[in-house]
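Me: Could you take a close look at one part of this model for me? I'd like to know where it sits, how open it is and what surrounds it.

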Amino acid sequence: MSEKKMTSSRRHHLKSLILGIAKDLLVAEEKQTEEERVRYMEEKCPPLSLPGSLQELQDLCKELHQKIDVVDEERYDLSVKVGKSEKEIEDLKIKVQDLIGKFKKPALKKVRMSADAMLQALLGSKHKVSLDLRANLKQVKKEVKEEEKEAVGDWRKNIEDKAGMGGRKKMFESEA
(Lines give C-alpha, C1' and ligand atoms only; values in the text may rest on other atoms or scores of the structure.)
Protein backbone atom coordinates (compact mmCIF):
# COMPACT_ATOMS: atom_id res chain seq x y z
CA MET A 1 0.00 0.00 0.00
CA SER A 2 2.53 2.55 -1.11
CA GLU A 3 -0.17 4.74 -2.67
CA LYS A 4 -2.71 6.07 -0.20
CA LYS A 5 -6.28 5.75 -1.34
CA MET A 6 -8.90 8.35 -0.53
CA THR A 7 -11.37 7.30 2.11
CA SER A 8 -15.04 7.15 1.23
CA SER A 9 -15.93 9.95 3.68
CA ARG A 10 -13.28 12.24 2.14
CA ARG A 11 -14.49 11.39 -1.41
CA HIS A 12 -18.10 12.08 -0.37
CA HIS A 13 -17.13 15.42 1.19
CA LEU A 14 -15.24 16.55 -1.96
CA LYS A 15 -18.07 15.45 -4.17
CA SER A 16 -20.60 17.45 -2.13
CA LEU A 17 -18.33 20.53 -2.31
CA ILE A 18 -18.02 20.24 -6.10
CA LEU A 19 -21.79 19.84 -6.47
CA GLY A 20 -22.39 22.90 -4.26
CA ILE A 21 -20.03 25.02 -6.37
CA ALA A 22 -21.68 23.77 -9.58
CA LYS A 23 -25.11 24.63 -8.18
CA ASP A 24 -23.99 28.17 -7.36
CA LEU A 25 -22.53 28.55 -10.86
CA LEU A 26 -25.79 27.39 -12.46
CA VAL A 27 -27.83 29.87 -10.40
CA ALA A 28 -25.46 32.70 -11.36
CA GLU A 29 -25.65 31.71 -15.02
CA GLU A 30 -29.47 31.69 -14.93
CA LYS A 31 -29.50 35.17 -13.38
CA GLN A 32 -27.09 36.44 -16.03
CA THR A 33 -29.13 35.03 -18.91
CA GLU A 34 -32.32 36.55 -17.47
CA GLU A 35 -30.61 39.96 -17.14
CA GLU A 36 -29.34 39.70 -20.72
CA ARG A 37 -32.83 38.81 -21.92
CA VAL A 38 -34.37 41.80 -20.12
CA ARG A 39 -31.67 44.15 -21.43
CA TYR A 40 -32.10 42.87 -24.99
CA MET A 41 -35.89 43.26 -24.84
CA GLU A 42 -35.57 46.83 -23.51
CA GLU A 43 -33.10 47.63 -26.28
CA LYS A 44 -35.01 46.05 -29.16
CA CYS A 45 -38.58 46.65 -27.96
CA PRO A 46 -38.98 50.09 -26.41
CA PRO A 47 -42.25 50.73 -24.59
CA LEU A 48 -45.10 51.41 -27.01
CA SER A 49 -46.65 54.86 -26.97
CA LEU A 50 -49.80 55.05 -29.03
CA PRO A 51 -50.26 58.39 -30.78
CA GLY A 52 -53.69 60.00 -30.93
CA SER A 53 -54.03 61.01 -34.57
CA LEU A 54 -54.66 58.71 -37.54
CA GLN A 55 -51.59 59.88 -39.46
CA GLU A 56 -49.28 59.12 -36.53
CA LEU A 57 -50.82 55.63 -36.19
CA GLN A 58 -50.23 54.96 -39.89
CA ASP A 59 -46.60 56.09 -39.55
CA LEU A 60 -46.17 53.81 -36.53
CA CYS A 61 -47.62 50.84 -38.50
CA LYS A 62 -45.27 51.50 -41.43
CA GLU A 63 -42.31 51.66 -39.05
CA LEU A 64 -43.34 48.40 -37.40
CA HIS A 65 -43.71 46.70 -40.80
CA GLN A 66 -40.21 47.82 -41.77
CA LYS A 67 -38.82 46.40 -38.54
CA ILE A 68 -40.68 43.12 -39.14
CA ASP A 69 -39.16 42.90 -42.63
CA VAL A 70 -35.66 43.46 -41.25
CA VAL A 71 -36.15 40.79 -38.58
CA ASP A 72 -37.51 38.31 -41.15
CA GLU A 73 -34.50 38.89 -43.39
CA GLU A 74 -32.12 38.31 -40.47
CA ARG A 75 -34.00 35.13 -39.48
CA TYR A 76 -33.85 33.82 -43.05
CA ASP A 77 -30.13 34.61 -43.33
CA LEU A 78 -29.44 32.84 -40.04
CA SER A 79 -31.46 29.79 -41.04
CA VAL A 80 -29.55 29.53 -44.33
CA LYS A 81 -26.23 29.84 -42.45
CA VAL A 82 -27.31 27.14 -40.01
CA GLY A 83 -28.33 24.85 -42.87
CA LYS A 84 -24.98 25.33 -44.62
CA SER A 85 -23.11 24.72 -41.38
CA GLU A 86 -25.05 21.52 -40.68
CA LYS A 87 -24.33 20.25 -44.19
CA GLU A 88 -20.64 21.09 -43.79
CA ILE A 89 -20.54 19.32 -40.43
CA GLU A 90 -22.15 16.25 -41.98
CA ASP A 91 -19.62 16.26 -44.83
CA LEU A 92 -16.74 16.58 -42.36
CA LYS A 93 -18.11 13.69 -40.30
CA ILE A 94 -18.17 11.54 -43.43
CA LYS A 95 -14.60 12.57 -44.30
CA VAL A 96 -13.41 11.73 -40.77
CA GLN A 97 -15.15 8.36 -41.01
CA ASP A 98 -13.38 7.71 -44.33
CA LEU A 99 -10.00 8.81 -42.93
CA ILE A 100 -10.32 6.56 -39.92
CA GLY A 101 -10.99 3.69 -42.29
CA LYS A 102 -12.72 1.48 -39.76
CA PHE A 103 -15.85 1.34 -41.83
CA LYS A 104 -15.73 -1.70 -44.06
CA LYS A 105 -18.22 -2.58 -46.72
CA PRO A 106 -19.60 -6.03 -46.00
CA ALA A 107 -19.12 -8.68 -48.64
CA LEU A 108 -22.47 -9.28 -50.24
CA LYS A 109 -23.66 -12.82 -50.76
CA LYS A 110 -25.30 -14.00 -53.95
CA VAL A 111 -28.92 -14.77 -53.34
CA ARG A 112 -31.04 -16.71 -55.77
CA MET A 113 -34.58 -15.39 -55.70
CA SER A 114 -37.53 -15.86 -57.96
CA ALA A 115 -39.19 -12.80 -59.43
CA ASP A 116 -42.24 -13.36 -57.23
CA ALA A 117 -40.15 -13.52 -54.06
CA MET A 118 -38.22 -10.39 -55.09
CA LEU A 119 -41.40 -8.40 -55.71
CA GLN A 120 -42.87 -9.63 -52.46
CA ALA A 121 -39.71 -8.52 -50.62
CA LEU A 122 -39.82 -5.10 -52.27
CA LEU A 123 -43.55 -4.47 -51.94
CA GLY A 124 -44.08 -6.18 -48.61
CA SER A 125 -46.10 -9.18 -47.60
CA LYS A 126 -49.42 -7.32 -47.90
CA HIS A 127 -49.23 -7.17 -51.69
CA LYS A 128 -49.66 -10.47 -53.45
CA VAL A 129 -47.93 -10.24 -56.81
CA SER A 130 -47.52 -13.04 -59.28
CA LEU A 131 -45.61 -12.94 -62.51
CA ASP A 132 -47.62 -15.60 -64.28
CA LEU A 133 -47.44 -13.93 -67.67
CA ARG A 134 -49.41 -16.61 -69.48
CA ALA A 135 -52.46 -15.94 -67.30
CA ASN A 136 -52.70 -12.39 -68.70
CA LEU A 137 -52.57 -13.48 -72.35
CA LYS A 138 -55.70 -13.45 -74.50
CA GLN A 139 -56.85 -16.92 -75.45
CA VAL A 140 -57.69 -17.54 -79.10
CA LYS A 141 -60.41 -20.03 -79.94
CA LYS A 142 -59.65 -22.22 -82.94
CA GLU A 143 -63.32 -23.19 -83.34
CA VAL A 144 -64.18 -19.71 -84.61
CA LYS A 145 -61.78 -20.12 -87.53
CA GLU A 146 -63.26 -23.51 -88.44
CA GLU A 147 -66.79 -22.09 -88.55
CA GLU A 148 -65.66 -19.42 -90.98
CA LYS A 149 -64.32 -22.09 -93.33
CA GLU A 150 -67.61 -23.99 -93.18
CA ALA A 151 -69.57 -20.80 -93.86
CA VAL A 152 -67.61 -20.35 -97.07
CA GLY A 153 -68.72 -23.76 -98.30
CA ASP A 154 -72.39 -23.24 -97.28
CA TRP A 155 -73.30 -20.70 -99.99
CA ARG A 156 -72.91 -23.23 -102.75
CA LYS A 157 -75.19 -25.67 -100.99
CA ASN A 158 -77.83 -22.98 -100.43
CA ILE A 159 -77.85 -22.02 -104.12
CA GLU A 160 -78.29 -25.64 -105.19
CA ASP A 161 -81.12 -26.11 -102.70
CA LYS A 162 -82.87 -22.96 -103.87
CA ALA A 163 -82.55 -23.85 -107.54
CA GLY A 164 -85.70 -25.24 -109.12
CA MET A 165 -89.23 -25.32 -107.74
CA GLY A 166 -88.25 -26.74 -104.38
CA GLY A 167 -85.78 -23.96 -103.83
CA ARG A 168 -88.31 -21.24 -104.61
CA LYS A 169 -90.73 -22.74 -102.22
CA LYS A 170 -88.06 -22.60 -99.53
CA MET A 171 -87.34 -18.93 -100.31
CA PHE A 172 -90.98 -17.98 -99.92
CA GLU A 173 -91.33 -19.94 -96.72
CA SER A 174 -88.30 -18.23 -95.18
CA GLU A 175 -89.69 -14.75 -96.09
CA ALA A 176 -93.15 -15.41 -94.72
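Reply: Met118 sits in helix α3, residues 115-123; helices here are DSSP runs of H or I, at least four residues, and strands are E runs of at least two, numbered from the N terminus. This is a predicted model, so local features need pLDDT of at least 70 and side-chain atom pairs 80 or more, while totals for chains, interfaces and linings use all residues. Residues are numbered from 1 along each chain as its sequence is written, and side-chain values use heavy atoms, leaving out hydrogens and water.

Met118 counts as partly exposed because its relative accessibility is 42% (buried is under 20%, exposed over 50%, partly exposed in between, with a 1.4 Å probe and protein chains only). Together with Val111, Met113, Leu122 and Leu123, Met118 makes a nonpolar surface patch of about 520 Å². Patch members have over 30% relative accessible area and no salt bridge; nonpolar side chains (Val, Leu, Ile, Met, Phe, Trp, Tyr) are joined within 5 Å, like charges within 9 Å. A salt bridge puts a side-chain nitrogen of Lys or Arg within 4 Å of a carboxyl oxygen of Asp or Glu.

As for the rest of the chain, it has five helices and zero strands. The chain exposes about 18400 Å², with carbon and sulfur atoms supplying 58% of that (Shrake-Rupley method, 1.4 Å probe; for residues, only the protein chains shown count as cover).
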